[in-house]
Amino acid sequence: MTVYRALGIDPTYVSIQNEPDETTDYEAAASIPTKRSIMAKAWAGYAEATDAVYRVFQKLSSPPLLLGPETIGVGYGNEAVFTDAVNPKEIYAVTHHLYTGGDKENSDSYIPALRAVKSETPGRLRFMTEYYTANGFQTAVMIEDELVEEEVSLYLYWP
C-alpha cells in the first residue's frame with residue numbers, strides 16, 4: 001500500500017482475490033474458505049488471508065476497506081460460505097459477480113439467487129462487482145433486479 005500511496009494512488013476499497021471459488025490453471029487462483037489440506041494439497045484459506053491483510057492495513061493511517069469474497073457468481077451459496085468464514089468486521093461489503101445464478105438471456109432468472117444472497121447476508125452492504133455478458137437491455141434489467149431484489153449498493157459493469 002505504501003508504494004501505491006507514494007505514486008499518488010490511495011485506494012478506498014481493496015479486494016484480496018478475484019473469484020476465489022474459480023478453479024483455473026494459473027497461480028493465485030482458487031482458495032477455500034479456511035486453510036486446510038485436501039488430497040495432500042495445501043489450499044490457501046480465504047479467511048486467514050483476509051485477516052492477515054486486514055491486520056496489516058490497520059497499521060496504516062486511513063486504511064482501505066476490504067471487499068469480498070468476489071465469488072464468480074450467485075445461486076450456489078459460495079458468497080455465504082466465504083463470507084461466513086471471515087470476521088464480519090474485516091469485510092466492508094459482501095461482493096460477487098454474476099457469471100452463474102441465472103440465464104444471461106433472461107435477466108429475471110437471477111431473482112431467486114439474488115434473494116438468496118440477500119437472505120444469507122442480512123444487515124450487510126452488498127456490491128455486484130463484475131459482469132459483462134448480457135446485452136444492453138438485459139444489463140439494464142439485471143441492474144434493476146440487483147438494486148431491488150438483492151439491494152446492492154453498487155453494480156460494476158466490466159466492458
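**Notebook: helix α3, the cores and some local geometry**

Helices (H or I, at least four residues) and strands (E, at least two) are DSSP runs, numbered from the N terminus. The residues of α3 (residues 78-85) that are buried are N78, E79, A80, F82 and T83. Buried stands for under 20% relative accessible area, exposed for over 50%, and partly exposed for values in between (1.4 Å probe, protein chains only).

I noted the basis of the entries. The model is predicted: local features need pLDDT of at least 70, side-chain atom pairs count only at pLDDT 80 or more, and totals for chains, interfaces and linings use all residues. Residues are numbered from 1 along each chain as its sequence is written, and side-chain values use heavy atoms, with hydrogens and water left out.

**Overall layout**

I recorded five helices and seven strands in the protein chain. Their order from the N terminus is α-β-β-β-α-β-α-β-α-β-α-β. Of the 159 residues, 41% are buried. I also noted that, among contacts with a separation of 6 or more, 71% join residues 24 or more positions apart.

**Cores**

I next looked up the largest nonpolar core, whose 11 residues are V74, L98, Y110, A113, L114, V117, M128, Y131, A134, M142 and Y155. Helix α4 (residues 111-120) contributes the most to this core, with three residues. Such a core is a set of buried Ala, Val, Leu, Ile, Met, Phe, Trp, Tyr and Cys residues joined through side-chain atoms within 4.5 Å. A second, separate core has eight residues, including Y46, A47, L66 and V86.

I then followed V74. Neighbours within four places in sequence aside, V74 is in contact with E79, H96, H97, L98, T100, G101, Y110, A113, L114 and V117.

**Helices α4 and α5**

I looked up how α4 meets α5 (residues 136-150): the axes come within 9 Å and cross at roughly 40°. Axes are lines fitted to C-alpha atoms, for helices over the stretch in contact, and angles run from 0 to 180 degrees between N-to-C directions. The two helices are therefore oblique to each other. Angles under 35 degrees count as roughly parallel, over 145 as roughly antiparallel, 65 to 115 as roughly perpendicular, and the rest as oblique. On the α4 side the contact is made by I111, L114, R115, V117 and K118, and on the α5 side by D145, E146, E149 and E150.

**Backbone points**

I found a cis peptide bond from G68 to P69, with omega near 10°; P69 lies in strand β4. E70, also placed in β4, has a positive phi of about 55° although it is not a glycine. E70 counts as buried, at 11% relative accessibility.

E19 is another non-glycine residue with a positive phi, of about 50°. The loop between β1 (13-15) and β2 (36-38) holds E19, which is buried with a relative accessible area of 12%.

**R126**

Last, I looked up R126, which is found in strand β6 (residues 126-130). R126 counts as buried, at 5% relative accessibility. Not counting residues up to four places away in sequence, R126 touches V94, V117, K118, T121, E150, E151, V152, S153 and L154.

Methods:
Contact = heavy atoms within 4.5 Å.
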